[in-house]
Amino acid sequence: MTTLTSENGAATGVEEPPDPGARHKLTAVTGLAALSLDAMASVAYGPEAIVLVLATAGGHGLGFTVPVTLLIAALLALLVASYRQVIAAFPDGGGSYAVARAHLGRRTSLVAAASLVLDYVLNVAVAVTAGVAALTSAFPGLYDDRLALCLAVLVVITVVNLRGIVDSARAFIVPTAVFIGAILALTIVGFSRDAPASAEAAASHVSVVADNATTVGALLLLKAFASGCSALTGVEAIANAVPAFRAPAVRRAQHAEVALGALLGLMLIGLSVLIARFELQPVEGVTVLAQLADASLGHNAGFYVVQVATMVLLALSANTSFGGLPVLLGLLARDNYVPHVFALKADRQVHRHGVLALAVVSALLLVFSGGDTNTLVPLFAIGVFVGFTIAQTGMVIHWRRVRGPKWAGRASLNGLGAVLTGAGAIVVAATKFHDGAWLVIVALPALVLVFERVHRAYGRIGERLGLGRIPDPPQRRRSLVVVPVSSLTRLTTEALTAAVSLGDDVRAVTVCHPGPDDRAQSEALERDWALWDPGVELIRLSSARRSLGRPIAAYVRHLAHAYPDARITVLIPEAEPARLWQRLLQNQRGAIVSHAVRRDTDAVICRLRFRLD
């Protein structure tokens, strides 16, 4: 038994019951491995995104790399502090969706959910393509096979996650630790050098720094800030998946969030300082991180360790989406905004349908892009900025309502974060609009409309079912059972035995077609039936067409009209072979009859399985 804590860390005195599925849930360490890969991997492209924007202002612009990174690190600290409070306030997960639902209204919560869904799906595609791009850079002969490689990586990640989030976390702990260790080693060794150890990686590559450009305006800095904020994607993932943590879930998730923020901030600042220290410039065909590894460690085994670790982590960072999106879809299903099947869990605490849906949509995106990262990057990060802004705004209202200790300071921090992330969302959308960001801007409201449509459909279903109201007491009604038969076998005996046990009136029916062979078979069945005399009438249903289900459905409609107060059941007997492959040998008559009766009548359908052991 563990004691729950309040948002400020004080004990509430309420004991949290033991979790029977604890071994299939995350600790702080495994949670960091399972849900932080997206954020960790962003150090491979976050600093580079800043440098590429500032390079348009020449060498003078590159001098602002560290100040811009420090602003991003400050925003990171603010976001981590905010999401730590989100975790405590909303322990059922959902992140910005849960915050908006509680404080900003239903429509805003759906915008937050849609932004998270888009971000998670795009993250999978971007992460996989980026990882494969790193692989094809090292082995150019694989370039033409990059789509197949992307799909193969996606299959591996999907299979691992179908085994449970804990198994995926254990599988990814080593790559995560190797990557973090490599980046920290690169940073520490780099600080000990007065000059680059090697420049071989960038040799003979063309610089992308603009010539004779020295003006650095506020718009350029804002654009660099917004581009660098791509390094913040994934910060929200832990808050979205709090139920995936082992009890005490809130405390473990908060520890994982703080550890993520500390490691990510340390790596971002360290790399940006080294960029300025070594006066690195972006070049075509070589990443800034590769240049840093070359300058700090030299062009040796350490350089290749960093590259391989980066490649692996970029590919595996898609796992963040597999940890967060299924939980979010589970919450949306609970609130009737997506099909309820997404709320179901398998034995290993896996939202299996959410995992499979994410894999299928991501595979379609990969096929659409041809495995090209540059096609997908312009679509990325807008959704997460929208989610950041909504979460921060909602937490401002949360603090105003709670009015606990230091609420004004916390609300001010969240308000500042909302302004900064909102500005970032606008700048990213504006600067990348013609590069494909318009697709996300269109998809966001479209997804909200889909949520609304599903919700209205569930509302109508609930109204018809009388959900929330005490139903009328059950009533005994006459029961009439119809049994389709085509021959006399043990299956016929089992079916009639079940039918007379269920109904007051049982009628066996057989469909007769006009062909001479069909008439002869029907007449033989009628003679055998008369000799057998089971005490149940056999009714011949003549059909001019070669149809099996429609004549039976028409007879059921006739009975419903003749006996309006009766409850009609169609009992369909089917043999079930012992081996799975033998089921392919069956004629599927039962499925045909079942489909016709379900489509054309309101009768109860009962499919009796006779196992052929």
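In the predicted model, the buried residues of α14 are F303, V306, A309, T310, M311, L313, L314, A315 and L316. Helix α14 covers residues 301–316 and has 16 residues. From first to last C-alpha, α14 reaches 22 Å, close to the 22 Å expected at 1.5 Å a residue. The N-terminal end of α14 is capped by N300, with a side-chain oxygen 3.0 Å from the backbone nitrogen of G302.

Strands β6 (residues 567–577) and β7 (residues 604–612) pair over nine bridges in the parallel sense. In this pairing, P577 stands opposite L612 of β7. Together with helix α24 (residues 589–600), β6 and β7 make a right-handed β-α-β unit. A salt bridge joins the side chains of E574 and R607 (2.8 Å, N to O). Because E574 lies in β6 and R607 in β7, the pair ties together parts 33 residues apart in sequence. E574 is buried at 11% relative accessible area, whereas R607 is partly exposed at 33%.

Across the whole structure, 15 salt bridges are found. In one of them, the side chains of R478 and D505 meet at 3.0 Å, N to O. R478 lies in the loop between α20 and β3 and D505 in strand β4, so this pair ties together parts 27 residues apart in sequence. R478 is partly exposed, at 36% relative accessible area, and D505 is buried, at 17%.

The side chains of D518 and R546 also form a salt bridge (2.4 Å, N to O). This pair links helix α22, which holds D518, to the loop between β5 and α23, which holds R546, 28 residues apart. D518 counts as buried at 18% relative accessibility, and R546 as exposed at 63%.

Methods. Residues are numbered from 1 along each chain as its sequence is written. This is a predicted model: local features need pLDDT of at least 70, side-chain atom pairs count only at pLDDT 80 or more; totals for chains, interfaces and linings use all residues. Side-chain values use heavy atoms; hydrogens and water are left out. Helices (H or I, at least four residues) and strands (E, at least two) are DSSP runs, numbered from the N terminus. The expected span of a helix is 1.5 Å times one less than its number of residues. Buried means under 20% relative accessible area, exposed over 50%, partly exposed in between (1.4 Å probe, protein chains only). A polar contact is a pair of N or O atoms within 3.5 Å; within protein, one must be able to donate a hydrogen and the other to accept it, and residues adjacent in sequence count only if both atoms are side-chain atoms. Two strands pair if DSSP finds at least two bridges between them. A crossover is right-handed if, with the strands pointing away from the viewer, the path from the first strand over the helix to the second runs clockwise. A salt bridge is a side-chain nitrogen of Lys or Arg within 4 Å of a carboxyl oxygen of Asp or Glu.
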